[in-house]
Every structure is written in C-alpha cells, then in structure tokens.
Amino acid sequence: MGLAVLTTGIALTAVFLPRLVSGNESDKTTIARGGGTTIIHGGTGPPGFVPVITTIAFHATRSGNSVTGSFECLAEAPEASTGPNSAQFTVNAMYVTGQITGATVHGDTATLTGTSNITGLGAGSNVPFTFVVQRGGPGATSVLTVNTLSASPFNEILVQGAFEVHEQD
C-alpha cells in the first residue's frame with residue numbers, strides 16, 4: 001500500500017510540478033490532466049478474473065492548433081491469483097509511456113490520442129493509443145486502447161486521485 005501511495009505521489013508531482021516551475025502559461029490552455037490509482041473493470045477477464053491495479057498520470061495542453069502532453073500508465077497484477085499473495089500487486093503487467101498529440105472534449109469527457117512505448121503486455125514502440133477520460137474523483141472512468149492488443153480496451157475505474165477535463169472555447 002505504501003508503494004502505491006508513493007508511486008501515485010511521484011506521478012502527481014511529475015504532472016503538476018512542470019506547470020509550477022515553467023512560469024507564464026498564458027498562451028497554453030489546459031485540456032485535461034490528472035492522476036491516481038485505478039482498477040481495471042473485470043481484471044484480466046475470463047476465466048480467472050485476476051484483478052489489475054494501475055497508476056495513471058497525464059496532462060494535455062493546447063497552444064494555438066497544437067496539442068501536447070504526456071501519458072503514463074503502470075499496470076500491476078498480484079503475485080498469485082489466489083491465496084495469501086493475491087493482494088500483493090507487485091507484478092509489472094504493462095507500462096505505457098506516451099506523448100499526447102491530439103485531443104477533443106465533449107462535456108466532462110476528453111479523448112486524448114498519441115503514440116507510446118509499451119513494455120509487458122502489448123509491448124512495442126510508437127504504438128498509437130487513445131485515452132478517454134471522464135472528469136471526476138473516485139468512481140470516474142477512463143478507457144485506454146492500445147493498437148497492439150486485441151484484448152484492449154482497458155475499462156478503468158478511478159479509486160484514488162482526480163481527473164480534470166476543461167471545457168474548450
């Protein structure tokens with residue numbers, strides 16, 4: 001649990017610290033940002049339904065017609081599917097690190113697109129991804145789709161943290 005809290009703290013710092021240090025952001029508009037811990041709805045799916053916990057951090061800004069940002073998602077599974085180690089989320093199942101290059105907003109939902117590097121499940125370089133995120137705190141939802149996995153998308157439910165989606169002019 002301590003590792004999850006530390007990882008979330010580091011991820012949130014990585015998202016928000018650059019904005020504090022960079023100073024004048026008047027020419028940039030925040031589209032979406034956030035971070036936290038999610039659980040993947042249905043876990044690994046049938047037949048075992050092993051739970052999967054993720055740590056997510058992202059931010060996207062618009063400057064003129066350009067969208068920039070970054071996306072991080074670390075998915076961890078338990079050491080064992082049953083028994084005493086089934087609650088120890090220490091297996092790195094998948095890591096997605098990417099650059100956001102596109103974004104649309106509809107109400108409280110943002111769709112962020114870009115390319116990523118992935119290790120673990122769906123490993124690859126320059127893999128297109130789509131991240132659809134709903135504004136909110138615990139209970140908010142997100143969906144991550146990566147082009148290297150037929151089992152994608154990953155339907156996620158935020159259990160700790162916050163997702164912000166800003167209306168666009």
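This is a predicted model: local features need pLDDT of at least 70, side-chain atom pairs count only at pLDDT 80 or more; totals for chains, interfaces and linings use all residues.
The side chain of Y95 makes a polar contact with the side chain of E72, at 2.3 Å.

**Around Y95**

Y95 sits in strand β4, which covers residues 89–106. Its relative accessible area is 31%, so Y95 is partly exposed. Leaving aside residues up to four places away in sequence, Y95 touches E72, C73, L74, N117, I118 and T119. T54 is 41 residues from Y95 along the chain, and their C-alpha atoms are separated by 9.3 Å.

**The whole chain**

The chain has one helix and eight strands. Read from the N terminus, the order is α-β-β-β-β-β-β-β-β. There are 169 residues, and 36% of them are buried. The chain exposes about 8,700 Å², with carbon and sulfur atoms supplying 58% of that area. Take the contacts between residues at least 6 apart in sequence: 46% of them join residues at least 24 apart.

Strand β4 is joined to β5 (residues 109–120) by 12 bridges, and the two run antiparallel. Within this pairing, G98 has S116 of β5 as its bridge partner. Two residues lie between the strands of this hairpin, where G107 takes a positive phi near 65°.

Strand β5 also pairs with β6, which spans residues 124–134. This pairing is antiparallel too and runs over nine bridges. I118, one of the residues touched by Y95, stands opposite G124 in β6. The hairpin of β5 and β6 has three residues between the strands, and G122 there has a positive phi near 70°.

**A link between β1 and β8**

The structure holds one salt bridge. Which side chains form it? Those of R33 and E164 meet, with N to O at 2.9 Å. R33 lies in strand β1 and E164 in strand β8 (residues 154–165), so the pair ties together parts that are 131 residues apart in sequence. Side chains of opposite charge can pair when their charged atoms come close. E164 is partly exposed, because its relative accessibility is 28%.

Strand β1 covers residues 29–40 and also holds I39. I39 has 31% relative accessibility, so it counts as partly exposed. Together with I157 and V159, I39 makes a nonpolar surface patch of about 200 Å².

**Backbone details**

The loop between β1 and β2 (53–63) contains P47. The peptide bond from P46 to P47 is cis, with omega near 5°. F49 is in the loop between β1 and β2 as well.

F49 has a positive phi although it is not a glycine. N126 is another residue other than glycine with a positive phi. The table sets out these two residues.

| Residue | Place | Phi | Relative accessibility |

Definitions and conventions:
Residues are numbered from 1 along each chain as its sequence is written. Side-chain values use heavy atoms; hydrogens and water are left out. Helices (H or I, at least four residues) and strands (E, at least two) are DSSP runs, numbered from the N terminus. Buried means under 20% relative accessible area, exposed over 50%, partly exposed in between (1.4 Å probe, protein chains only). Contact means heavy atoms within 4.5 Å. A polar contact is a pair of N or O atoms within 3.5 Å; within protein, one must be able to donate a hydrogen and the other to accept it, and residues adjacent in sequence count only if both atoms are side-chain atoms. Two strands pair if DSSP finds at least two bridges between them. Patches are made of residues with over 30% relative accessible area and no salt bridge: like charges are joined within 9 Å, nonpolar side chains (Val, Leu, Ile, Met, Phe, Trp, Tyr) within 5 Å. Accessible areas come from the Shrake-Rupley method with a 1.4 Å probe; for residues, only the protein chains shown count as cover. A salt bridge is a side-chain nitrogen of Lys or Arg within 4 Å of a carboxyl oxygen of Asp or Glu.
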